[in-house]
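User: Could you walk me through this one? I have the sequence and the structure open and would like to go over a few local details.
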Amino acid sequence: MSRLVKRGPPSTIVIKLGTSSIVHEETHQPLLSILSAVVETVISLRSHGHKVVLVSSGAIGVGLRTMDIPQRPKSLSKKQALAAIGQGRLIALWDNLFGQFDQRTAQVLLTRGDISDRTRYLNAVNTLNELLSMGVVPIVNENDTISVSEIKFGDNDTLSAITSSMIHADYLFLLTDVDGLYTSNPRKDPSARKLDVVISVAAIRAQVSTSTLGSSLGTGGMETKLIAAEIATGAGVTTVIASSKQPSVIVDIIDYYTALKSTSVPTSGTVSPIIPQKLDQVDLDEVAASLSWPRPPHTVFKPALIPMRDLKAWTSHTLYPAGSVIIDSGAHAVLSRRESGGRLLPAGVLGVRGSFASGQAVRILVHRRTEGVLVEVKEVAQMSYSNVAATTPCTPVLEPGPSVTASVTSLVPLSRSGSSASLSDNMSSDSQTITDDEILSIEKMDECENWDCEEVGRGLANYNSAQISRVRGLNSARIVQLIGYADTEYVVENITIRVSA
């Protein structure tokens, strides 16, 4: 960018480089021109005060060149062996290039097992933050030698998004062989149109075709980048897809948005400087048009207005669910509201699938019943909510009506310390006898295994699958009677609901 710009505050930046940008697709020779340009870009960013993390694929591609193997093998064990051979050479190549500028690097190899354990996840977060504070450039890669998921599904795009979420990055740059997100493959479709700004990944999916993008060496493509963008923007990270052929565009893009965030458009139509804003608060088209500023080629995914909390992000994107909890559509509607706190009472549960222990991640499935079927469980809903207000702190009111709609019900504050007392108090005031009708209604729910359900989110179970199955559809005051104890009135917490466009 030719014009001089006033540098904004230092940012934390994650740059992801795919295999097709690191080694040649046919000869498997390292693309030294691109790698050198990436290194120079990182050095430039650091000279401006930014902290940079590099997520690098390419271990298998480098391994292919080292062993003189013409094409990527299909055997998982051979892929893992090639990853073991190539990873050492790959990190040595990066270290040598950064060494020309006296820049220290560090190798960080992660697997899903590492980040699915909360303690190890936090240790990884602390290590990355410490490396950044020491002025080191961490080079992150999936540990392909022991990780099955990355080799099969191209998880380095997802890994870069999770990494950006872990360190609360400001930007995630997904460098690929095209300069943005197109409606179809621009290499084959001349009418393909580039999308400059994406506000909602869910809304844009119907407009783009992602099935044909990606190289023979890589494991991802544009679809995995959309998944990564969804994860990162949900955590409040501005995500950019740009071309790896010109890595210096990263500096131009950051300067471009620094200028936009520090500029407003008053009613007079003239441009005036203001206090820097967050990108999600800026009307990009309006401000850019008024500036007559050349826009670097890229696609930007605007971050969420309300970023997901760290614990929810970890639950939603790093844990492999052990089972499922089925809820009704009313409970889904309530949990979609931020004020629900992501906590589910047994009254909103219709059934469970699979076996899971307390503390494990579970899928949240919604079953949208027909009007006729809803009548079957109407009495269960009314019984569940006869005294539910006293046992449901900090959640919105949703009275039981013509459908089973509630899993959380009161906005009246109630401290967590009083939860156990409220449960015991209700046990004395509520009937402690489970009626035959109640048992019959619960038995009718056993057909849930055959229901057509849709996954809408994930959360952490407070009770195991058998216990949740026993209290499903009931008032939380029944938990002590049916299970023998009640650590909490919520059967699932830290729920993240995906809101469709």
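Analyst: One term before we start: a residue counts as exposed when its relative accessible area is over 50%, and as buried when that area is under 20%. Please also keep in mind that this is a predicted model.

User: Okay, so is His168 buried or exposed?
Analyst: His168 has a relative accessible area of 54%, which is over the 50% cut-off, so it counts as exposed. His168 sits in the loop between α7 (156–166) and β5 (171–176), and its phi is positive, about 55 degrees, although the residue is not a glycine.

User: And what about Asp68, where is that one?
Analyst: Asp68 lies in the loop that connects α2 (59–66) with α3. Its phi is near 55 degrees, again a positive value in a residue other than glycine, and Asp68 counts as exposed because its relative accessibility is 64%.

User: Switching to aromatics, how many pairs are there?
Analyst: The structure holds four aromatic pairs. One of them is formed by Trp94 and Phe98, whose ring centres are 6.2 Å apart and whose planes meet at 35 degrees, so this pair is classed as tilted.

User: Why are Trp94 and Phe98 about one helical turn apart?
Analyst: Both belong to helix α3 (residues 76–99) and are four residues apart there, which means that about one helical turn separates them. Trp94 and Phe98 are both buried.

User: What about Tyr171 and Phe173, how are those rings arranged?
Analyst: The ring centres of Tyr171 and Phe173 are 5.8 Å apart with the planes at 25 degrees, so that pair is stacked, the cut-off for stacking being under 30 degrees. Tyr171 and Phe173 are also buried.

User: New topic, then: in what order do the strands of the five-stranded sheet run?
Analyst: The order is β14-β13-β15-β16-β17, in an open sheet with mixed pairing. β14 (349–353) and β17 (492–497) are the edge strands, and each has a single partner strand, so one side of each is left without a neighbour in the sheet. From one strand to the next, the twist averages 30 degrees.

Terms used: Residues numbered from 1 in each chain as written. Predicted model: local features only at pLDDT ≥ 70, side-chain atom pairs only at ≥ 80, totals over all residues. Heavy atoms only, no water. Pairing = 2+ DSSP bridges. Helix = DSSP H or I, 4+ residues; strand = E, 2+ residues; numbered from the N terminus. Axes fitted to C-alpha atoms, helices over the stretch in contact; angles between N-to-C directions. Phe/Tyr/Trp six-rings, centres within 6.5 Å; stacked < 30°, edge-to-face > 60°. Buried < 20%, exposed > 50% of the residue type's maximum accessible area, 1.4 Å probe, protein only.
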